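Okay, thanks for coming, everyone. I'd like to walk you through a structure, so let me put it up on the screen.

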Amino acid sequence: MALVTVQGLTKIFGHRLHPVRALNGLTFSVEKGEFVGIMGPSGAGKTTLLSIISTIDVPTNGTVTVAGTEVTHLRGDKLARFRRANLGYVFQDFNLLTGMTVRENILLPLTIGKHAVANAQERLNAVLSVTGLTNLAQRYPEELSIGQQQRVAVARALITEPALVFADEPTGALDSKAATELLRYLTTINQEWHTTIMMATHDAFTASYCSRVIFIKDGMLFAEIRRSGERQAFFDAIIDMQATIGGGGHWHEGTR
Ligand SMILES: Nc1ncnc2c1ncn2[C@@H]1O[C@H](COP(=O)(O)OP(=O)(O)OP(=O)(O)O)[C@@H](O)[C@H]1O
């Protein structure tokens, strides 16, 4: 069953005299339980696409349906409730609050949810465990490595048990060891918790952890490839597709 359906999505930025067509009639869907990578050369529209599916921005035309709800027209309280119930966000720069412990940062989305959550401690223990942070819960973000900080951001995204998690360049700030670690945790979350993940990335190594990669160029669907066997073979196929799609050297190619 499709968890996400994107239909004829178009986004035009800017002035009427100088419009920038960031998305140009994109149509695709994502099944429940998929781990989908969004790739494309710089300026292809990856961030714009994720922003619209994740309800941070609105399209100029087209629709996005998530878990049976058309999200493109949600506003105000309804939108806030929908996000809290269904969506989790992981950004490149983590956005952790420095004056709060790891535990407090992770629990924050539940606190914002106004009503007390009965099984908050249970959920906290589960997300700490699945992100390998159980022994670091009382630390402050500045006492953690960059990779551990990014895992706190993942744990925070998971605390509300969202069906769908968005990650925009989640390994962008990490060295290769921390990136590999994070990707293994994301894989576990996807496979054991069946959380659907949509991840924009430039990096072929990062994308090779996905089950499917959608390539966009100039705001349009260019190709998609599915992983069927070993990760290394998928990585090679992604590299080949990057070469095919071109993009004037604007890829930050994975070399790991
Ligand atoms: N707020 C905005 N106003 C005007 N143009 C914008 C805005 N946001 C994005 N764009 C343009 O839309 C196009 C797509 O941008 P987007 O950031 O989605 O691409 P991307 O694939 O994420 O690129 P990158 O890999 O470099 O982050 C680009 O041409 C960009 O300049």
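Let's start with a pair of helices: the axes of helix α5, residues 146-158, and helix α6, residues 176-192, come within 9 Å and cross at roughly 20°. That makes α5 roughly parallel to α6, as angles under 35 degrees count as roughly parallel, over 145 as roughly antiparallel, 65 to 115 as roughly perpendicular and the rest as oblique. Axes here are lines fitted to C-alpha atoms, for helices over the stretch in contact, with angles running from 0 to 180 degrees between N-to-C directions. Helices (H or I, at least four residues) and strands (E, at least two) are DSSP runs, numbered from the N terminus.

Before I go on: this is a predicted model, where local features need pLDDT of at least 70 and side-chain atom pairs count only at pLDDT 80 or more, while totals for chains, interfaces and linings use all residues. Residues are numbered from 1 along each chain as its sequence is written.

Which residues make the contact? On α5 they are Ile 146, Gly 147, Gln 150, Arg 151, Val 154 and Leu 158, and on α6 they are Ala 178, Glu 181, Leu 182, Tyr 185 and Ile 189. Contact means C-beta atoms, placed from the backbone, within 7 Å.

Now the sheet. It's an open one, with 4 strands in the order β2-β1-β4-β5 and antiparallel pairing. At the edges sit β2 (20-31) and β5 (69-70), each pairing on one side only. Two strands pair if DSSP finds at least two bridges between them. Strand β1, residues 2-13, is joined to β4, residues 61-66, by 5 bridges. If you look at Gln 7, its bridge partner in β4 is Thr 63. Packing on this sheet is helix α1, residues 46-53, which touches β1, β2 and β4, and its direction makes about 125° with that of β1.

Last stop, a couple of loops. Most residues other than glycine have a negative phi. Ala 67, though, has a positive phi of about 50° and is not a glycine. You'll find Ala 67 in the loop between β4 and β5. Asp 218 also has a positive phi, near 50°, and lies in the loop between β9 (212-217) and β10 (220-226).

Definitions and conventions
Two residues are in contact if their C-beta atoms, placed from the backbone, lie within 7 Å.
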